[in-house]
Protein chains: 2
Amino acid sequence: MKFPFSILAALLLSACSGATLRGTGDLGIVIERAGGSVAVIDSSARAILGRVEGLGDLSHASAVYSRDGRYAYVFGRDGGLSKVDLLRRRIARRIIQAGNSIGGAISQDGRLVAAQNYEPGGVKVFDAETLELLADIPATYGDGSRRSKVVGLADVPGNKFAYALFDAGEIWVADLSKPREPKVTKFLSIGSQPYDGLVTPDGRHYLAGLFGEDGIALVDLWKPEQGARKILASYGKGMEKLPVFKMPHLRGWAVAGGRVYLPAIGKHEVLVVDSATWQEVGRIPVKGQPVFVMARPDGRQIWVNFAFPDYSHIQVIDTLEQKVVQTFSPGKAVLHMEFTPRGENVWISARDDNRVLVYDTASFAKLAELPAQNPSGIFFTSRAARIGF
Amino acid sequence: MKFPFSILAALLLSACSGATLRGTGDLGIVIERAGGSVAVIDSSARAILGRVEGLGDLSHASAVYSRDGRYAYVFGRDGGLSKVDLLRRRIARRIIQAGNSIGGAISQDGRLVAAQNYEPGGVKVFDAETLELLADIPATYGDGSRRSKVVGLADVPGNKFAYALFDAGEIWVADLSKPREPKVTKFLSIGSQPYDGLVTPDGRHYLAGLFGEDGIALVDLWKPEQGARKILASYGKGMEKLPVFKMPHLRGWAVAGGRVYLPAIGKHEVLVVDSATWQEVGRIPVKGQPVFVMARPDGRQIWVNFAFPDYSHIQVIDTLEQKVVQTFSPGKAVLHMEFTPRGENVWISARDDNRVLVYDTASFAKLAELPAQNPSGIFFTSRAARIGF
């Protein structure tokens, strides 16, 4: 069998050009909600490298990463779980694992991907390589006839996942050391209607915000025998008359310098809490109702975006001065922010402008403006190396 | 021009097999001192993928990573700076930049690699892409006729590098925002003979251990106008009669849960310091003179190795209980440890056994034993995403 050289050359090229040999440490994705696609981004070049389509309903979608940084696991609202290959820029695997889902997490060892589901309520755990179902943990409560919506799923050390049951008012910690034999520890009566949760960056404390009452439920995972307790009893709608336009994201809480910065619900304030005592130690006035309150990786700055009608603005708090030092308007509907791993830049989604913006966090200069279709969440591969994402 | 199919197939293979398409988030290197080589490792497969040779004198060598995780910059003792391509497993570039060198750092934005040199004393800054020299900052002091050895070089936010001048007793912070026009801020008379330094994980505090006197020099980089101050005045050899077998590595200090854990010099103790007040709050007795005192990424455990004659042992401190909970002997001469990014495993160099060992940090079970030639430092690519490495 003989081939002319031109065909040979074309074959050689196509054999190798399916993807470029490159590191994955500076890659990420932007969720493009309207089109059911993700844009693959490069934080060194400040560029969009390409798109992967066919991911279904991506409203409220989020993503976690394989421990090698090559694959993003994208959790769609429609129960779709897609494993996206960032190097080949295509879907490696995709399953529909539930009817209505709201995010997921990846285990400490990177071998298990867990999805938290509204319908049917519970957590499903998949093999990160194959997406084979390994464990199905229904969120059954009360007399055993009902299943709760699951929220606030987070990985914690020891190949465990912590999460909250909205309808049951419980916090569960599932130990997946043996993936097909999950062991569940339940914290009952933690408060009414936990609507979101997070684990602190050290994986020690799990917190669930409560919708049905004021306050926050807290479990010290290093001292589970102490059970759950309530902190910040005045946290919530309380006496406030302002309508709540959007429940803030707890996952956007910031921990910096021994303090936790969190959005006040329905108020134009960021609350400051001492992370040793869990007592409120201050309030910082801001422009609107905060949604995400995120710390630059060094903890010197806290960046805040807002609910409607103030969602065109960003404010930056200096943690040393404990006050707002910068206010600007990057676009009409600022939905999300993500810092580069060491914090020199921040990427911002301006949904209605169909743009992703990159800013220098020291000078606040705009460094790049990239086209994206109704961008929302931005996720860098450096999340693979962090606890509680 | 025609080719038989077998040649075509071979060409196709060789065109693509120079390297495997893969993520770089779970890669790393082990320094093989005796052979002047590094072993490229995979923390998911717990395997050695291959070797890169020809790196010169690697005694006391260390490494930092490009922000994409593809390249390791290896600093040799002989002044060699090698850029190693982990995917192709070969040297991409190599220069001899000094006569006697002791490590380096990479800037926050990943564009600058800095080397700290004993001879000629100073810091040189290179383009991370090309290794072109961009800035040469001689460590000139006193009447301007002498140059000091430089130690404790660390990156800090703002594309700055902080380091100490051993002979001059000074701490310098070089701002490389404009790489060819470095601006240096000097802290004079910080103490006698700083022998190593580190920056806290948030990039805020720079500490330099003193060889010529007791105590540690501290600069709050967020408040440089306050100058340097001395902390832990009793830290040092003090009244102790034990000989010091090896100066401990400050870079191995651990910060966990608002406390700093550091090796006592010449004593069989780990010191515990409150990172808010910088006061000593405790001492934990250990088996020998500690060298590296390293926190598992979640801060629950502190792993300690020791100087001769106790260097066959490892001890693990539980930070909740503040005491040693595990003692074991992985090999004859344990030189270094490195945690996987989320802390489920630790990799340990046992130099005289020519082995690298992988342990589960929850069960302390040995998971793998890998052959390496006189292994010393172990460095994972996840360092690229961290401040102060």
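## The contact between chain B and chain A

Mentor: In this predicted model, the rule finds 25 residue pairs in polar contact across the interface of chain B and chain A, both residues of a pair being at pLDDT 80 or more. The elements that give two or more residues to the side of chain B that touches chain A are strand E1 (2-4) and helix H1 (5-17) of chain B, and the largest share, six residues, comes from H1(B). By residue class, that side divides into 21 nonpolar, 14 polar and 19 charged.

Trainee: What makes the pair Arg67(B) and Glu344(A) a salt bridge?
Mentor: The closest N and O atoms of Arg67(B) and Glu344(A) are 3.0 Å apart, and the cut-off for a side-chain nitrogen of Arg and a carboxyl oxygen of Glu is within 4 Å, so the pair is called a salt bridge. The count between chain B and chain A is four salt bridges.

Trainee: How is the size of an interface often given?
Mentor: It is often given as the accessible area lost when the parts come together. Between chain B and chain A the buried area is about 4,700 Å², of which carbon and sulfur atoms give 57%. In chain B, Leu21(B), Arg67(B) and Arg342(B) lose the most area to chain A, together 21% of what that side buries.

Trainee: How do you know that the two copies are related as by a two-fold rotation axis?
Mentor: Chain B can be laid on chain A with an RMSD of 0.0 Å by a turn of 180° and a shift of 0.0 Å along the axis, and the two copies are therefore related as by a two-fold rotation axis. The same surface serves both copies, since 100% of the contact residues of chain B recur in chain A.

Trainee: Why is Thr340(A) called buried?
Mentor: Its relative accessible area is 0%, and buried means under 20%, so the word applies. Thr340(A) is found in the loop between strand E31 (334-339) and strand E32 (345-350) of chain A, and among the residues that Thr340(A) touches, not counting those up to four places away in sequence, are Trp347(A), Phe380(A) and Arg67(B).

Trainee: What makes Gly76(A) buried?
Mentor: Gly76(A) has a relative accessible area of 2%, which is again set against the cut-off of under 20%, and therefore Gly76(A) counts as buried. Gly76(A) lies in the loop between strand E6 (71-75) and strand E7 (80-85) of chain A. Leaving aside neighbours within four places in sequence, Gly76(A) is in contact with Asp57(A), Leu58(A) and Ser101(A).

Note on methods: Residues are numbered from 1 along each chain as its sequence is written. Chains are lettered from A and ligands numbered from 1 in the order in which they are written. This is a predicted model: local features need pLDDT of at least 70, side-chain atom pairs count only at pLDDT 80 or more; totals for chains, interfaces and linings use all residues. Side-chain values use heavy atoms; hydrogens and water are left out. Buried area is the accessible area (1.4 Å probe) that two parts lose on being put together, summed over both. A polar contact is a pair of N or O atoms within 3.5 Å; within protein, one must be able to donate a hydrogen and the other to accept it, and residues adjacent in sequence count only if both atoms are side-chain atoms. Helices (H or I, at least four residues) and strands (E, at least two) are DSSP runs, numbered from the N terminus. Ala, Val, Leu, Ile, Met, Phe, Trp, Tyr, Cys and Pro count as nonpolar, Asp, Glu, Lys and Arg as charged, and the others, Gly among them, as polar. Buried means under 20% relative accessible area, exposed over 50%, partly exposed in between (1.4 Å probe, protein chains only). Contact means heavy atoms within 4.5 Å. Copies are superposed by least squares on the C-alpha atoms of residues with pLDDT of at least 70 in both.
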